[in-house]
Number of protein chains: 2
Amino acid sequence: MDAAEFRRRGKEMVDLIADYLENIEQRPVYPDVEPGYLRSLIPEEAPEEPDTYEDVVKDIERVIMPGVTHWHSPYFYAYFPTANSFPAMLADMLSGAIGCIGFSWAASPACTELETVMMDWLGKMLKLPEDFIAGTHGQGGGVIQGTASEATLVALLAARSRAVRMILASDPQRPETGITSKLVAYSSDQFCATLGTTPSCAFDHITELGPICNAEKIWMHIDAAYAGSSFICPEFRPLLNGIEFADSFNFNPHKWLLVNFDCSTMWVRKRSDLIGAFKMDPLYLKHDHQESGRYFYTDNSLFRSLKMWFVFRMYGLKGLQDYIRKHVELAKEFESLVRADQRFEISADVVLGLVCFRLKGSNEVNETLLKRINNGRKIHLVPCQLSGQFVLRFAVCARTTESRHIREAWRLITQLAEEVMQELPH
Amino acid sequence: MDAAEFRRRGKEMVDLIADYLENIEQRPVYPDVEPGYLRSLIPEEAPEEPDTYEDVVKDIERVIMPGVTHWHSPYFYAYFPTANSFPAMLADMLSGAIGCIGFSWAASPACTELETVMMDWLGKMLKLPEDFIAGTHGQGGGVIQGTASEATLVALLAARSRAVRMILASDPQRPETGITSKLVAYSSDQFCATLGTTPSCAFDHITELGPICNAEKIWMHIDAAYAGSSFICPEFRPLLNGIEFADSFNFNPHKWLLVNFDCSTMWVRKRSDLIGAFKMDPLYLKHDHQESGRYFYTDNSLFRSLKMWFVFRMYGLKGLQDYIRKHVELAKEFESLVRADQRFEISADVVLGLVCFRLKGSNEVNETLLKRINNGRKIHLVPCQLSGQFVLRFAVCARTTESRHIREAWRLITQLAEEVMQELPH
């Protein structure tokens, strides 16, 4: 395929994508396939000679779509959202074409530089403490990771490296070997200090944890993977209070800020903590601007900041705030519907876009209800366990979810609940 | 931006991308900017109200392009290639629109399933031992990682987990704590067993290392990040001999097999070694097909297999082999040019698409030559160090590199070499 054919096929693909997303709510949100379904639909080996593009495109509906869980259907309420917006898709197309690998400043200066500035933009949108903003002379700043888990690993390694340095500084005679095996990492059963846990969107008390960490010189990493996006709204920013005690902070714009996966944003108070922990200097990565160009440790792989830039500019801060607020309102609407029905109860505070709820009754009746809901394939939810109780999670996810989808979901849930309650003791 | 506007803007972006790639060789391959160049070109904060799309697009040439190192220019000979093809870009567009997160089979069955089958296709293209093919009943198989480093980390953790299980099985009374701090990982100065190192594309003797690892029950991981793509050609497949001793194997189709970043393919002999090491089962990830749907450990995040599928089908095995062979021939052509010039020497065997060469003379004269080459911005190379010598690396990288680009590059190199040799003692 040459550039001329790409012009044609690319435009067809744009239409295919627009068609898919415009009509997504007509598809069953959860696929009706069994493990192994796909293998029998395609050859066992790659073709020797090229297939036609027409055949490849036909196979999208024949092979792929029957097995897709449609995360961007307005009837998808499972897990947490994953972002999907047109400006981000356009930026990703461009990023793919430029196709640079940013493992050093010189490997693609625009890649490193736009990332640093976009992380400042986003840090300012969240009103992070000045220490976390790179600016032209700051010691802190932000870097994009693939996932919140990756950010946690990076924080853990940086913390370990800092702890070793501190121990050696206080006792220069001490041999370096053996120190790391004595180090301790503290976590809850959700790991590090978390703002908005996955099961129920619960918040750790970081204003209490923080001063202890600081007094004991413990590296404090805060993970707000889902909830972080909401902090761009002044009314939700208090949830981030305590950030002033943190050494590193992370959240995922690829969850709830309209920036397509992957884009997990991590800030540190001192960039040198990361650079020191990950320094790697083979000759083939050295360049003339070695020191001044070292914004960060060298992992700005893709041009991921392009999609932040497109999204922030095409929505504006106000547009992004409106988007967060709309989802929170939809969750509140669903909460009201649940509260108005005596057969149900709310299982955790509804703070943002997640509602944890259950039928008053046994775990069994709730498990059966959930199974019935998902087997209907019209809406999709996943459960969580809270204090031993089986709980249903209703997360507002898709960009296009509206009040009518929420009401339709509730209608389906109550209808199935009636069936289940007639069949089972509760 | 709604779907209707995306139809329009998406098509404009397709043309912008085609224009960029068709005319890329007219751009200086290496940018002429200083660290910090970008910050002054854009506002310090995200806009409150949306910018127009026209303004965003205008800024691609004003802000981004001046700072881009053009990895897909036929004059780019630095590092190793990173893949870029039109079929992969089309697949990535679709992947972005579907935007599923495949952290379990149920989260998007098509995502997990296509990945498993594509890894079989590719494994068969490489003629991997049967053990590494999943098929319908195999115990091994493949999974996509982001980078070869990620694959190495995964292999290391799986190896650790297997070693602990083996130790506990042989001595069930032994307390589990403290075992891991006694474990040892062996590596060379390029880390694990490597087929095609980054500095000079050198090959470890895995037929010698392998039997020792097997006899001592040491997990053997083989990294062929760059070279691996060539093993689809029968004439290069012998370079992979010894794979029968390996527990895990990895290479990067995103380097040299026309599948855009990121797509680092990893195979293991026993899937259970990975599943055991990474098992994570919160309630919200459980589903009805929990066991039969567990193809692998749960990290099939993006729909990365789509781009493998598009590329393998649109090129066919023959097209991919032709592509590899063309790059190797171009490297051989460059090698001949170097060998025909008495002032230069070849510094390492030219096995695939990389030529390591230098001016006979001091490191200083070679460093000066490289600086002069890169400051010219017409072609781009990076150096390596081999046995204390400063060596220039010439890697055939872009999809569109032809003989005329190689000859033009050599003309420039010899012209600058003459200048340098007149100025400096050598």
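## Basis of the description

Helices (H or I, at least four residues) and strands (E, at least two) are DSSP runs, numbered from the N terminus. This is a predicted model, in which local features need pLDDT of at least 70, side-chain atom pairs count only at pLDDT 80 or more, and totals for chains, interfaces and linings use all residues. Residues are numbered from 1 along each chain as its sequence is written, chains are lettered from A and ligands numbered from 1 in the order in which they are written, and side-chain values use heavy atoms, with hydrogens and water left out.

## Nonpolar surface patch

A nonpolar patch on the surface is formed by Leu153(A), Leu156(A), Phe191(A), Leu153(B), Leu156(B) and Phe191(B), with about 470 Å² of accessible area together. Patches are made of residues with over 30% relative accessible area and no salt bridge; like charges are joined within 9 Å, nonpolar side chains (Val, Leu, Ile, Met, Phe, Trp, Tyr) within 5 Å. Areas come from the Shrake-Rupley method with a 1.4 Å probe, and for residues only the protein chains shown count as cover.

Helix α5 (148-170) of chain A and α5 (148-170) of chain B each supply at least two residues of the patch. Leu156(B) lies in α5 of chain B and is partly exposed, with a relative accessible area of 39%. Buried means under 20% relative accessible area, exposed over 50%, and partly exposed in between (1.4 Å probe, protein chains only).

## Annotated lysine

UniProt, in an unreviewed entry, lists Lys255(A) for "modified residue: N6-(pyridoxal phosphate)lysine". UniProt positions are given in the numbering used here, feature names are shortened, and annotations may be inferred rather than shown by experiment. Lys255(A) is in helix α7 (residues 253-256) of chain A. Not counting residues up to four places away in sequence, Lys255(A) touches Phe80(A), Pro81(A), Thr82(A), Ala83(A), Ala225(A) and Tyr226(A).

## Salt bridges

Over all chains the structure holds 62 salt bridges (a side-chain nitrogen of Lys or Arg within 4 Å of a carboxyl oxygen of Asp or Glu). Asp262(A) and Arg304(A) form one of them, at 3.0 Å from N to O. Asp262(A) lies in the loop between α7 and β5 (264-268) and Arg304(A) in the loop between α8 (271-278) and α9 (305-339) of chain A, so the pair ties together parts that are 42 residues apart in sequence. Asp262(A) is buried at 13% relative accessible area, and Arg304(A) is buried at 7%.

Two further pairs lie within helices. Glu12(A) and Arg9(A) meet at 3.1 Å, N to O, and are three residues apart in helix α1 (residues 3-22) of chain A, about one helical turn. Glu12(A) is partly exposed at 35% relative accessibility, whereas Arg9(A) is buried at 6%. In helix α2 (residues 53-64) of chain B, Asp59(B) and Arg62(B) are three residues apart, about one turn, and their closest N and O atoms are 2.9 Å apart in a salt bridge. Asp59(B) is buried at 9% relative accessibility, while Arg62(B) is partly exposed at 43%. Salt bridges with shared partners join Glu5(A), Arg8(A), Arg9(A), Glu12(A) and Glu54(A) into one network.

Notes. Contact = heavy atoms within 4.5 Å.
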